[in-house]
Amino acid sequence: MSDRTLTRMDLSEAVFREVGLSRNESAQLVETVLQHMSDALVRGETVKISSFGTFSVRDKTARIGRNPKTGDEVPISPRRVLTFRPSHLMKDRVAAGTRR
């Protein structure tokens, strides 16, 4: 495993190099795409990116959990959680360790 993390800056730099937009335009493009994705998820929509995966929001109901240290029962309130399901192509690429 690598300690390297892909950041927004890395994405905008890649757009700058590969698409040819200015650095400011590249950064704005990345921000706009991420904003559209997060807005859709907030509205409860599914975000599907072909050959990458699907982001969706799930509603979890209230339930009783247990503190593993003490064994005490603890109520867990209902909440919305973000889930990601990678595509089969992405799963295969990660398993193979290939870059493209």
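Is F55 buried or exposed? F55 counts as buried, at 18% relative accessibility, where buried means under 20% relative accessible area, exposed means over 50%, and partly exposed lies in between (1.4 Å probe, protein chains only). This structure is a predicted model, in which local features need pLDDT of at least 70, side-chain atom pairs count only at pLDDT 80 or more, and totals for chains, interfaces and linings use all residues. Residues are numbered from 1 along each chain as its sequence is written, and side-chain values use heavy atoms, with hydrogens and water left out.

**Overall make-up**

- The protein chain has three helices and five strands; helices (H or I, at least four residues) and strands (E, at least two) are DSSP runs, numbered from the N terminus.
- Along the sequence, these elements follow the pattern α-α-β-β-β-β-β-α.
- The radius of gyration of the protein chain is 19 Å, whereas a compact globule of 100 residues would have one near 13 Å. This radius is taken over C-alpha atoms, and the globule rule is 2.2 Å times the number of residues to the power 0.38.
- The C-alpha trace spans about 55 × 35 × 25 Å along its principal axes.
- Of the 100 residues in the protein chain, 14% are buried.
- Among contacts between residues at least 6 apart in sequence, 33% join residues at least 24 apart; contact means heavy atoms within 4.5 Å.

**Aromatic residues**

- Three aromatic pairs are found in a search of the whole structure. Rings of Phe, Tyr and Trp (its six-membered ring) pair if their centres lie within 6.5 Å; planes under 30 degrees apart count as stacked, over 60 as edge-to-face and the rest as tilted.
- One of these is the tilted pair of F55 and F84, with 4.7 Å centre to centre and 45° between the planes.
- F55 lies in strand β2 (residues 53-60) and F84 in strand β5 (residues 79-86), so the pair ties together parts that are 29 residues apart in sequence.
- F84 has a relative accessible area of 38% and is partly exposed.
- F52, F55 and F84 together form one aromatic cluster.
- Elsewhere, R23 lies over the face of F16, at 4.1 Å from the ring centre. A charge sits over a ring if NZ of Lys or CZ of Arg is within 6 Å of the ring centre and within 35 degrees of the ring normal.

- Helix α1 has twelve residues and reaches 16 Å from its first C-alpha to its last, close to the 16 Å expected at 1.5 Å a residue. The expected span is 1.5 Å times one less than the number of residues in the helix.
- G20 follows α1 and has a positive phi, near 95°.
- S12 is in helix α1 (residues 8-19) and is buried, with a relative accessible area of 6%.
- Not counting residues up to four places away in sequence, S12 touches S26, A27 and V30.
- S12 and E25 are 13 residues apart along the chain, and their C-alpha atoms are separated by 8.6 Å.
- L29 lies in helix α2 (residues 23-42) and counts as partly exposed, at 39% relative accessibility.
- Leaving aside neighbours within four places in sequence, L29 is in contact with V15 and L21.

- S51 is in the loop between β1 (47-49) and β2.
- Although S51 is not a glycine, its phi is positive, at about 65°.
- S51 counts as partly exposed, at 42% relative accessibility.
- I76 is found in strand β4 (residues 73-76) and is partly exposed, at 24% relative accessibility.
- Leaving aside neighbours within four places in sequence, I76 is in contact with A62, R63 and G65.
- I76 and T61 are 15 residues apart along the chain, and their C-alpha atoms are separated by 8.5 Å.
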